[in-house]
Amino acid sequence: MAEPKENVVMEKIVSLCKRRGFIFQSSEIYGGINGFWDYGPLGAELKRNVKELWWNSMMRQREDVVGLEATIIMHPQIWKASGHVDTFADLMRECPLTKKRVRADQVEPQSGMVYSYPGALKSTIDPYVVGGEVLMNYDFEKEALNLFLKETLAGSLAEIKDEEIKKYAEMVLKNLGPDIVSQTAFPKFVDQIVSRVAARLNPNKISVLVPLGKPVESARKTAVQYFEKSDFPSPILLGESGVKVENSIDFHPESGVMLSEARPFNLMLQTWVGPIQSDENIAYLRPETAQAIFAQFKNVMDTSRQKVPFGIGQVGKAFRNEVTPRNYTFRSREFEQMELEFFIKPDEVIEAISGSVATVPETGHPGEPQANWGWQAWHQYWVEERVRFYEGIGLDRSTLGFHRQTPAELAHYARACVDILFKFPFSKKDEQGNVVGDELEGIAARSDFDLSQHARFSGKQMGVFDDELRVAWGKLDEAKKSALSKRYYEARLKYLTKCGVAQEKAEKDAKADAEGLAKGQYIPHVIEPSAGVDRLILALIANAYSETVKTDDKGKSEIIYVMKFHPRVAPIKIGVMPLLKNKPELVAKAIEVRDLLRPWMNVFYDETGSIGKRYARQDEAGTPFCATIDFDTLGEKGPELKDTVTIRHRDDGRQERIAIADLLNWLVPKIR
Ligand code: GAP
């Protein structure tokens, strides 16, 4: 069967997710709410498994990482310190007609004819009295203005004070057609018309792109709608001009209207804490879970008796008012993150203690952590640990991609950042035709920026004391001390000046920080592997999705869907089924098997429909194994098969018999 097209695959995935209860649109009965998604029974299990696996592998299986569960709403100063209040923004452009916004970096290039209308006149007119006659007709106004502007305004442009009106008057003058109204009648009404013209000129302008071959009327229609919305009933368009453009990113993809200038749009969702909705009470729904870890760094370190290097992990909700939520759950407004902040010693401290900083290759796992690892080794270590995690839940390395941020992409404080990508059905291809992938997780080496910021904003100490450093420092020769102090001083000075601290104070503070090394004091650096739960769920669903066409003996075809989840993440681990539901002995045995397994895993008991249909239902849910209780289980064919079940494997339909007594030992290693 030919491979279905990418967007077709996504459509099928979305449809299966709804049909089988993985993912629903939030508030669907009210038409949904853009950027919000609910997880149904299977999705909720899948998500829970993923979060537990992350927590288990990042924390419980390690000595050097502990957990945190912080609140979603925190002191607003946290977001000042982190930079989110001032800089967590997307550059947006707005369609002046529909007010719809698009991210400035996501406007698709378009080609066609651009028609521009620098203004319009209101055509609803008050009566003009000309020579004792009341003239209300629309043409009259238009023609009157033609004449007025041409014959009179041309001579008195200099007298118009308002710059906007003057600009438009000049433009209108330049674009006027032949006048019709008698030239002699008009000068009398000049004053009257001047004020009317001023009031009726719309200072807004609009440009509309129409694809080549489409009539100009569609542009006019759009422009008329625009002026009508700007309180210009039945507008008369002024000064139409047309120009051909190619691959322009200045027009809204739906309306064709020229977009506004790009403006920053903060992505944090805000609320008020307490009964008074005033500026002092503004608080934010956290846009990342990471900041709570920095804010609680000292408390966690002191209470968990951890020493640097060590990490703090957190799983939880985050909120971003994404301007264009898209690609199903990929970019949502409410989502979950799994973040680790792994605190390490600065390289100068490692060098003081270990003599030198280890160098590791830029690719491949560097092995077990070593005392002489600096930020580069730790960063590489976490990239590879995270890839191993993905491999361990069924995402083969070939389904992943990597993007190492360029110096231009990196934040000023960051040393490196590697994004782990997954090749989603909607991911774009590069020039060579290879699918690039979209971000699942970013692993950033963030220097000491975050702790330093919270130290500055809270006035609290965020540094640590390390006796090993104090002792080692005392043994260094003067040249080494001075070289390390100088490097530390320069790094601190760079940070402080970048953050706007006045030069004199920055130098003083950086000097004090560098002097702290001798006393065993420093501010830890951090490596941050930050993953999105929902993106990972989508990746697992896309990776698991498979369809085949099955044709029966009569030539009737149907599509068979199988969700090939790794048993570790599969929402249901095993389906337990009596062969027939009207045989009480089979049912009783099946329930016994279900109850044996239930304390250890999510089991689905199913007794309705043919066994083939029941297998197919479990295949769609992604259940890796089914256990069927049949007459052999009851020992009807002989004692050797008594108390065994048929295990049917989802991916290849293979069947084997396993003793009920061995079932748990057989299953548990496969699903953990
Ligand atoms: N603390 C660092 C941080 O939050 P990020 O790259 O903005 O970094 C980390 O987010 C991860 O969170 C991303 O790799 C992605 O998996 C997930 N994520 C971010 N924005 C998201 C959104 N709007 N919808 C779903 N997941 C998102």
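This is a predicted model: local features need pLDDT of at least 70, side-chain atom pairs count only at pLDDT 80 or more; totals for chains, interfaces and linings use all residues.
Strands β17 (334-344), β20 (438-445) and β23 (525-532) each contribute at least two residues to the shell around the ligand. In total, 19 residues surround the ligand, and the closest are E288, S332, E339, E439 and L440. Sorted by type, the shell holds nine charged residues, five polar ones and five nonpolar ones.

A nitrogen atom of the ligand is 2.8 Å from an N or O atom in the side chain of E322. The backbone also takes part: a polar backbone atom of S332 is 2.8 Å from a nitrogen atom of the ligand, and a polar backbone atom of L440 is 2.8 Å from an oxygen atom of the ligand. Taken alone, the ligand exposes 550 Å², and the protein buries 88% of that area.

The chain around this site has 672 residues, 49% of them buried. Its secondary structure consists of 20 helices and 30 strands. Of the contacts in the chain with a separation of 6 or more, 68% are between residues 24 or more positions apart. The accessible surface of the chain is about 33,500 Å², with 51% belonging to carbon and sulfur atoms.

Helix α13 (residues 449-458) is largely enclosed by the rest of the structure, because seven of its 10 residues are buried. These are F449, D450, L451, S452, Q453, H454 and A455. They pack against the helices α3 (76-81), α9 (290-295), α10 (297-304) and α15 (478-498), and against the strands β17 and β23. Both of these strands also supply residues of the ligand shell. After α13 comes G459, with a positive phi near 75 degrees.

R305, in the loop between α10 and β16, has a positive phi near 55 degrees although it is a residue other than glycine. R305 counts as exposed because its relative accessible area is 76%, where the cut-off for exposed is over 50%. P309 lies in this loop between α10 and β16 (310-319), and the peptide bond from V308 to P309 is cis, with omega near 5 degrees.

A positive phi in a residue other than glycine is also found at N247, where the value is near 45 degrees. N247 belongs to strand β12 (residues 241-248). With a relative accessibility of 55%, N247 is exposed.

Terms used. Residues are numbered from 1 along each chain as its sequence is written. Side-chain values use heavy atoms; hydrogens and water are left out. A residue is near a molecule or strand if one of its heavy atoms lies within 4 Å of it. A polar contact is a pair of N or O atoms within 3.5 Å; within protein, one must be able to donate a hydrogen and the other to accept it, and residues adjacent in sequence count only if both atoms are side-chain atoms. Accessible areas come from the Shrake-Rupley method with a 1.4 Å probe; for residues, only the protein chains shown count as cover. Helices (H or I, at least four residues) and strands (E, at least two) are DSSP runs, numbered from the N terminus. Ala, Val, Leu, Ile, Met, Phe, Trp, Tyr, Cys and Pro count as nonpolar, Asp, Glu, Lys and Arg as charged, and the others, Gly among them, as polar. Buried means under 20% relative accessible area, exposed over 50%, partly exposed in between (1.4 Å probe, protein chains only). Contact means heavy atoms within 4.5 Å.
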